[in-house]
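The sequence and the structure are shown below.

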Amino acid sequence: MTTVTVLPTGITPADVHAVARGAALVELHPSAVEAMAASRAHVDRIEASGRPVYGVSTGFGSLASTFVASERRAELQHALIRSHAAGIGAPMPREVVRAMMLLRIRSLALGHSGVRPLVAQSLVDLLNADVTPWVPEHGSLGASGDLAPLAHCALVLLGEGWVLDKSGTRIDGGEALRRAGLRPIELAAKEGLALVNGTDGMLGMLLLALGDAAHLFAMADLTAALSIEAMLGSDRPFMPELHAIRPHPGQATSAANIHRLLQGSAIMDSHRDDLDHAVQDAYSMRCAPQVAGAARDTLEFATQVAGRELRSVVDNPVVLPDGRVESTGNFHGAPLGFAADYLAIAAAEVGAIAERRVDRLLDVCRSRDLPPFLSPDAGVNSGLMIAQYTAAGIVAENRRLASPASVDSLPTSGMQEDHVSMGWAATRKLRTVLDNLTSLLAVELLAAVRGIQLRGPLAPSPAGTIATAAVARFAGTPGPDVFLAPIIESARALISGTDLRNAIEAEVGPLP
């Protein structure tokens, strides 16, 4: 079992994946403990001085001008957590909550939040005991960060709130702590605010989405190549010299992937010198690297944004090394919301062009002699007709989801928070778009393999041979209609997993 060590310089995207989706344990480095202790000492001095400082001795949001007496400041922090844990709806997935908790630990460990090391260690203990707070899907506007989701996490530290148990049911937070052998903590001044102010939820979802998108964009190159092979397309548009003259890096990568995947194919060789062969393939075939490549470049931009945020102090107020406590706007989620919306648009288009290739494979007028709907006995049998309906419906949903959330600000907190980022909504819907893209590529994989099988006895490319064998294990060969839903689910597993990609890369080389 691996261990992720949280330093005062932060953590890596790989650390987030290891904790969110794996079984990695978490520990605080002694230097992070020292950084938090030094920051806390500044807060203690401010408390002793009696000066009004936001978040330490005042109320929050539009109540920032309300002074709070010293004897009620611990009560203030507990009240903040309870009142802000106001979300509603289905629980967020375990991986999202775990990513959010790790990122909050990271934020505290940077030494600018003024909390005792005990607070960060208590979150570490929750992760290591596999206690996952129940965080409702609705509640965050990405304004002062993810206030409600983080409050639902923090409430469990107090022995309150809800926890998502292993069976997916909701149990009492205090009971969950008792089962794990953990004790509730009492918050001191500033600590409740430090637990809820930040972009950790949206950053966690974005980091998970970036890894998913990188894999899916590589798989999109694979399914595109299989479709082109099945439709007797040309590999000439993917030659490197044609992409060197339009030097978008993502385009060059996708073109190189597709070109390499199409080599060594008897199907491709069968029509290279055919005078009846189309001079130009349809855009959904010929322009595959232009669309997928633009998505790759969008992914690179979003990766840069997430990397900067992973190095950022996003609390408010922040404790500076010289002891000053200053209010900031660093919790505003606009950078993450914009990036997530942009990537959702790109991913939606990768799925849309894949569906166009599926439709072409099924259309007897455009599929270059493949049978209608890829059924050898069309009429009695419908083949993949309705699988394409499913894909079309998913494309339509992705188009709706591609509408940006980050332009939909609503003012809150008595107009104190009069512009919010909607970054939580943007990253949530990005994850849905990517899940939908998985389904679209699964349908294309199934259709392309059916088409390749119907080109027999001509042998496909090495990549086509491996993909055909993998799909045939659960889908068989073209023939009478069968129950399609479980076949599509199995194809989804091939797309989302790494086995098929690894097998093909072992044969043809890496697919970056």
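In which sense, left-handed or right-handed, does α14 pass α15?

## Crossing of α14 and α15

In this predicted model, the crossing of α14 over α15 is left-handed. Two packed helices are described by the distance between their axes and the angle between them. Helix α14 spans residues 288–310 and helix α15 spans residues 334–362; their axes come within 9 Å and cross at roughly 160°. Because angles over 145 degrees count as roughly antiparallel, α14 is roughly antiparallel to α15.

## Residues in the contact

On the α14 side, the contact is made by Ala-288, Val-291, Ala-292, Ala-295, Thr-298, Leu-299, Phe-301, Ala-302, Val-305 and Glu-309. Helix α15 contributes Pro-335, Leu-336, Ala-339, Tyr-342, Leu-343, Ala-346, Glu-349, Val-350, Ile-353 and Arg-357.

By class, this contact of α14 with α15 comprises 16 nonpolar residues, one polar residue and three charged residues.

## The chain as a whole

The protein chain contains 20 helices and nine strands. Taken along the principal axes, its C-alpha atoms fill a box of roughly 90 × 50 × 40 Å.

Of the 512 residues in the protein chain, 55% are buried. The chain exposes about 20,400 Å², and carbon and sulfur atoms supply 57% of that area. Among contacts between residues at least 6 apart in sequence, 79% join residues at least 24 apart.

Note on methods: Residues numbered from 1 in each chain as written. Predicted model: local features only at pLDDT ≥ 70, side-chain atom pairs only at ≥ 80, totals over all residues. Heavy atoms only, no water. Axes fitted to C-alpha atoms, helices over the stretch in contact; angles between N-to-C directions. Helix = DSSP H or I, 4+ residues; strand = E, 2+ residues; numbered from the N terminus. Parallel < 35°, antiparallel > 145°, perpendicular 65-115°, else oblique. Left-handed = near helix turned anticlockwise from the far one by under 90°. Contact = heavy atoms within 4.5 Å. Nonpolar A, V, L, I, M, F, W, Y, C, P; charged D, E, K, R; others polar. Buried < 20%, exposed > 50% of the residue type's maximum accessible area, 1.4 Å probe, protein only. Areas by Shrake-Rupley, 256 points an atom, 1.4 Å probe, with all protein chains shown as cover.
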